[in-house]
Amino acid sequence: LLEYQNGCYEMLRELEPTFYTTFVFQRKFSNQNIEQQIKHLKEKLSKFNKYIHRKLLGRYWYDPEIVNPQEHIKICVFPEKINSHPHFCGIVEIKNSQRFPNKIKMFLEHSNSIWNTNKDSRSEYIHQEKEYHSV
């Protein structure tokens, strides 16, 4: 556990946040089972990660022979208020590059629509709390 904590600390120390971000869920769970709720929330974050990378980096974003993993965005979030108003707060690091010069702009433009791919949850949103780079 200590090794894991140290690894997380090192990763967070090395990040250069572009945004403080809140991923908001408006879904009402009929089943109050916390484990099922967390599973759903993690699945939604995983799906978002896949689709935002595809939008920013292209169809083969996951293939290191086509897209260098250094091009990926980094998202580090923590759950809050899981029992009452579930959401994830954290940081996002996005760096424009020569190959992908508009990643930050595209993230701002497309992140909310990608987050809201579930038609039953149109009121869910991503809130960028503080921008660090000019767009």
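Q: Where is the place of His85?
A: His85 sits in the loop between β2 and β3; strands here are DSSP runs of E with at least two residues, helices are runs of H or I with at least four, and both are numbered from the N terminus. The model is predicted, so local features need pLDDT of at least 70, side-chain atom pairs count only at pLDDT 80 or more, and totals for chains, interfaces and linings use all residues. Residues are numbered from 1 along each chain as its sequence is written, and side-chain values use heavy atoms, with hydrogens and water left out.

Q: Is His85 buried, partly exposed or exposed?
A: Buried means under 20% relative accessible area, exposed means over 50%, and partly exposed lies in between (1.4 Å probe, protein chains only). With a relative accessible area of 34%, His85 is partly exposed.

Q: Which residues does His85 touch, not counting residues up to four places away in sequence?
A: A contact means heavy atoms within 4.5 Å. On that basis His85 touches Val24 and Glu80. Val24 is 61 residues from His85 in sequence, while their C-alpha atoms are 8.4 Å apart in space.

Q: In what order do the elements of the protein run?
A: From the N terminus on, the order is α-β-α-β-β-α-β, with 3 helices and 4 strands.

Q: How do β2 and β3 pair?
A: Two strands pair if DSSP finds at least two bridges between them. Strand β2 (residues 74–80) runs antiparallel to β3, and 7 bridges join them; Ile75 has Val92 of β3 as its bridge partner. The two strands form a hairpin with 6 residues between them, and Lys81 in the turn has a positive phi of about 45°.

Q: Over how many bridges do β1 and β3 pair?
A: Strand β1 (residues 19–24) pairs with β3 over 6 bridges, in the antiparallel sense. Tyr20 has Ile91 of β3 as its bridge partner.

Q: Why is strand β3 largely enclosed by the rest of the structure?
A: Strand β3 (residues 87–93) is largely enclosed because 7 of its 7 residues are buried. Across the protein, buried residues make up 34% of the 135 residues.

Q: Where is the kink in helix α3 centred?
A: The bend at a residue is the angle between axes fitted to the seven residues ending there and the seven starting there. Helix α3 (residues 103–115) has a kink of about 40°, centred on Glu109. Buried residues of α3 include Phe107, Ile114 and Trp115.

Q: How many aromatic pairs does the structure hold?
A: A pair of aromatic rings is described by the distance of the centres and the angle of the planes. Rings of Phe, Tyr and Trp (its six-membered ring) pair if their centres lie within 6.5 Å; planes under 30 degrees apart count as stacked, over 60 as edge-to-face and the rest as tilted. The structure holds 7 such pairs. One of them joins Phe19 and Phe107, stacked at 5.8 Å centre to centre with 20° between the planes. Phe19 lies in strand β1 and Phe107 in helix α3, so the pair ties together parts that are 88 residues apart in sequence. Both Phe19 and Phe107 are buried.
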